[in-house]
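Colleague: I'm new to this one, could you walk me through it?

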Amino acid sequence: MTSVKEGGPHALLAGSSRPWVRLLPGVVATVLCVCLLPATSILLTKYYGLIAVAGTALAIAQVAPLLLAVVRPLRAWYVIFTADVAGALALLTVDFPERLLWPFPSVVIVGYVGLCLALGLSERRRTLLLVWLATAAANVTLMFFAPHGAGAVDLSFTALGGLALLVAVALRERAEVQRRLVEQETISEAERARRTLLEERARIARELHDVVAHHMSVITVQADSAEYRLDRLPPDVRKEFANIASTARNSLGEMRRLLGVLRNEETQDELAPQPGLAQIDQLVDATSRAHVPVEFTACDVKVPESVGLSAYRIVQEALANVVRHAPGAHTQVSLSVSEPAEGEDGRRLAVLIVNGPSPEPRAVPLEPSGTGHGLVGMRERVRLVGGTLDAGPLPDGGFRVAARLPLNEEDFT
């Protein structure tokens, strides 16, 4: 449903995402014209007694502008309202039965109600209030000249027109609220995804500090102890080792200062040593205790610490998703070494987690609607080490996560 717009003409409901809704105003206007034009002409000439030329001209002026109302409802109102008032004055010149409505026949009221709906969907509240006041003023003024006396039914033109305006405004504002709600939800979802990505990157940075700091510490110790472990080192070589040790210590200090920005009081539990492939079986045991049957196939292979950490986190997130979204589903976790595929250099660690559908059709997941944010972390882990990730649902209702991580440090450094 469209909101109030300025500038050039805009078709009613042109902003709707549904094609049939965009076509609806034009279809309704056409149907009203086809039905009301001959009915109005016949009513004015045959029943009210206007001459054929006058009755037909008034019918065209009162009904045909409904087609214009699809694009320019306010301009259509000027024409139709003027024609309706002129028609009421023209009926004062003829003698029509008392049982017929005056100043506005029933078919005229039907067309005016349709016009008010179009106005309510497109114009501002101030304009609509002026339209209704003009309608009421004309209706009340004409009632003073009623040839057969005035009654409450003669105000139906004003009452039904006002009701149509209120209904249209309510529908328009409800659609606008829904549109803004969907827009806000989309923005919120994008912000949540972005926040998840940043949090995962910060976590990766903290974990990488622990991995790199270990290697830097080893370099520092080896450089400092070189003069004691190696005999008869030339002075320039000792100086070189001293420079290496000093540079390594400075680098460690810079890393710790950077880490102080990333860590906060909520991340103190991350000070523990970072896990790797050896700790995946603990994840499997913990998941099994959550009543999720897991088969684990391990492989004995030496991997860089960053690769082992990435593999552990991928398995951790995948198993957590099984517990949340497919409780009780049979799950397989396997680690294996695969030969390089086309376009890859060196062997890869293949991490595969596959789960079937939940065995209980009526089981309620802990999180019925997933956000996909867990996959964000997996992809970041894979990008970190230069691997690949393939994740998606299976035809039987299960889910598959497959990652390929390079085993050679030089492949991604």
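Modeller: We can go through some helix contacts, a cavity and a peptide bond.

Modeller: This is a predicted model, in which local features need pLDDT of at least 70 and side-chain atom pairs count only at pLDDT 80 or more, while totals for chains, interfaces and linings use all residues. Residues are numbered from 1 along each chain as its sequence is written, and side-chain values use heavy atoms, with hydrogens and water left out.

Colleague: How do helix 1 and helix 4 cross?

Modeller: The axes of helix 1 (residues 19-47) and helix 4 come within 9 Å and cross at roughly 150 degrees; axes are lines fitted to C-alpha atoms, for helices over the stretch in contact, and angles run from 0 to 180 degrees between N-to-C directions. Helices are DSSP runs of H or I with at least four residues, numbered from the N terminus. The two, helix 1 and helix 4, are therefore roughly antiparallel, a term for angles over 145 degrees.

Colleague: Which residues make that contact?

Modeller: Helix 1 brings L32, L36, A39, T40 and L43, and helix 4 brings V107, V110, G111 and G114, where contact means heavy atoms within 4.5 Å. By class, the contact of helix 1 with helix 4 has six nonpolar, three polar and no charged residues; Ala, Val, Leu, Ile, Met, Phe, Trp, Tyr, Cys and Pro count as nonpolar, Asp, Glu, Lys and Arg as charged, and the others, Gly among them, as polar.

Colleague: And what about helix 4 with helix 5?

Modeller: The axes of helix 4 (residues 106-120) and helix 5 (residues 125-143) come within 10 Å and cross at roughly 160 degrees. That makes helix 4 roughly antiparallel to helix 5. Y112, L119 and G120 of helix 4 meet L128, V131 and T135 of helix 5, a contact with four nonpolar, two polar and no charged residues.

Colleague: New topic: what lines the largest cavity?

Modeller: Its lining consists of T40, Q62, V63, I80, D84, V107, V108, G111 and Y112. Helix 4 gives the largest share of that lining, four residues. By class, the lining of the largest cavity has five nonpolar, three polar and one charged residue.

Colleague: Where is P103, and what kind of peptide bond joins W102 and P103?

Modeller: P103 lies in the loop between helix 3 and helix 4, and the bond joining W102 and P103 is a cis peptide bond, with omega about 15 degrees.

Conventions
Angles under 35 degrees count as roughly parallel, over 145 as roughly antiparallel, 65 to 115 as roughly perpendicular and the rest as oblique. On a 1 Å grid over the protein atoms alone, a cavity is a set of points where a 1.4 Å probe fits but cannot get out, and a pocket is an open set with protein on both sides within 12 Å along at least five of seven lines; lining residues have an atom within 4 Å of a point.
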